[in-house]
Amino acid sequence: MSTLNYQESSRSRDSAITSRVIPAGEGWLHRVEAGQTLRIVDLEGNQAADTFFFHADDLSERYSAQDTIREQGGIYLTTGTRLLSNLCRTMLEITADTCGRHDTLGGACAAESNMVRYSLDKRFMHNCRDTFLLEIARSGLPLTKRDLAHNINFFMNVPVTAEGGLKFDDGVSEPGKYVEMEARMNVVCLISNCPQLNNPCNAYDPTPIEVLIWESSVTR
Amino acid sequence: MKNPGYEETLPGGAMWSMRIPRGFEIRVTALGSGANVSALFYHSENPLDRLNLPDTLKALHTAKLMRGHVLMSDMGLAMVSITEDSLGWHDALGGHSTAEHIRQAFGEQTYQTARNDFFRNARDNFLIELTKHGLGLRDIVANGNFFSKVVADDAGRLGYVPGHCPAGATITLRTEIPVLAVFANCPHPMQPSGDYPRVPVRVRISKGSPPGSDDFCRNFRPECGRAMELAERQNF
């Protein structure tokens, strides 16, 4: 495996203005203001945090995986990666990462894609898209299924082979690994803590994650 | 009288969309070398259900598109199957060009000065075609690029492979559900700078034969067969 890119944060959790543990199978929709920093912690290791971002002031602008990987020239997200919108504008920038790489190719699980990937009788298992749909339905925001496009899978490791294959490798995350990103515009963050039970990537054992937010470190 | 089918030649820079019933074949032919067609697909009867490239790639364990692959929708349906393909690699990673990409790679050529030779981009083309069908920016999702090749190295760095598409390259898609197909015959966003490429492509649509149990795409991977079964279940 190629080198992983580790960068620790200097932030102390005591100064966070928000912290919240998200159990597996649950969601979190929260606004992050420009300048604030969001940290996602993989509390027990190899858990997938499926994540969308929307521009809070114009929800039709949203995170775009293809634009992000093409404009950075690489498929992995890590420290220094700018998370770009469908208008190729920087939404957030990853400022610390103790996991080393994150996936944005593999999408989020859904009842229907579970049927395709595993077997037709998997329809009624809980999945990320159901969490997303419930969160946006409850939010009061004018978001619909139309807005659920292409997400990030924080803490997942999905390499591409020279032959153009996609591999679902063993995770590179461990208990306590985290990724931190600073918002460059006001964003709505939507996370599903993935409940997938059919995939060895989380050892068939989805576990909690934690999210924290810090105020802007820039003195005004 | 036998229906002769539909044929259209898209000039370089052109956009195109069409609702196509289930069971048809869409054959796209590069009429010159270096073609690129950025493509999106929607369920004709419910455009909220649309091409889901991440789900497709994940299900097929692939980062490229080729013969045998079944392009899947959000709702797990087989949308179009690649029944024939002369290149073995069509891009699924690079996305589509915007006005800014075109300006940086090829310079600026406006309608005011160049008339219909102005430099078009895939994003604007998608928006124009989608708006004809009541859709828009929010409906633009990850797209495929026929005839282009983008590789990733060990460190995950992306590279555009020039010279991948010779004149005469083809790809044939079979519709497994009724689809709205939207094509932008515009340069790939990673295409190196130079002259704005204007490679015409021919689109030919004809009635296909229904895929049997021994169909190549159905049997390419079990995931393909299940997506086709989910699509067939809805064919009342």
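**Strands and a helix in chain B**

Reply: 5 antiparallel bridges join strand S8 (residues 78–85) of chain B to S13(B). Strands pair if DSSP finds at least two bridges between them. Helices (H or I, at least four residues) and strands (E, at least two) are DSSP runs, numbered from the N terminus. This is a predicted model, where local features need pLDDT of at least 70 and side-chain atom pairs count only at pLDDT 80 or more, while totals for chains, interfaces and linings use all residues. Residues are numbered from 1 along each chain as its sequence is written, with chains lettered from A and ligands numbered from 1 in the order in which they are written.

Me: Which residue of S13(B) is the bridge partner of Ile82(B)?
Reply: Leu173(B) is.

Me: What does strand S3 of chain B do with S13(B)?
Reply: S3 (residues 24–30) is joined to S13(B) by 5 bridges, and the two run antiparallel. Glu25(B) stands opposite Arg174(B) there.

Me: How many residues of S13(B) are buried?
Reply: 5 of the 6 residues in 170–175 are buried, so S13(B) is largely enclosed by the rest of the structure. Buried means that 20 or more other C-beta atoms lie within 10 Å of the residue's own; exposed means 12 or fewer, partly exposed is in between, and C-beta atoms are placed from the backbone.

Me: New topic. How many residues of helix H1 of chain B are buried?
Reply: 8 of the 8, residues 53–60, so H1(B) is largely enclosed by the rest of the structure. Among them are Leu53(B), Asp55(B) and Lys58(B).

Me: What covers the buried residues of H1(B)?
Reply: The cover includes helix H2 (111–117) of chain A. From chain B it includes strand S7 (70–72), strand S10 (144–146) and helix H5 (222–233).

Me: What comes just after H1(B)?
Reply: His61(B), with a positive phi of about 50°.

Me: Zooming out, how many helices and strands are in chain B?
Reply: 5 helices and 15 strands. Of its 236 residues, 53% count as buried.

Me: What box do the C-alpha atoms of chain B fill?
Reply: Roughly 55 × 50 × 35 Å, along the principal axes.

Key. Two residues are in contact if their C-beta atoms, placed from the backbone, lie within 7 Å.
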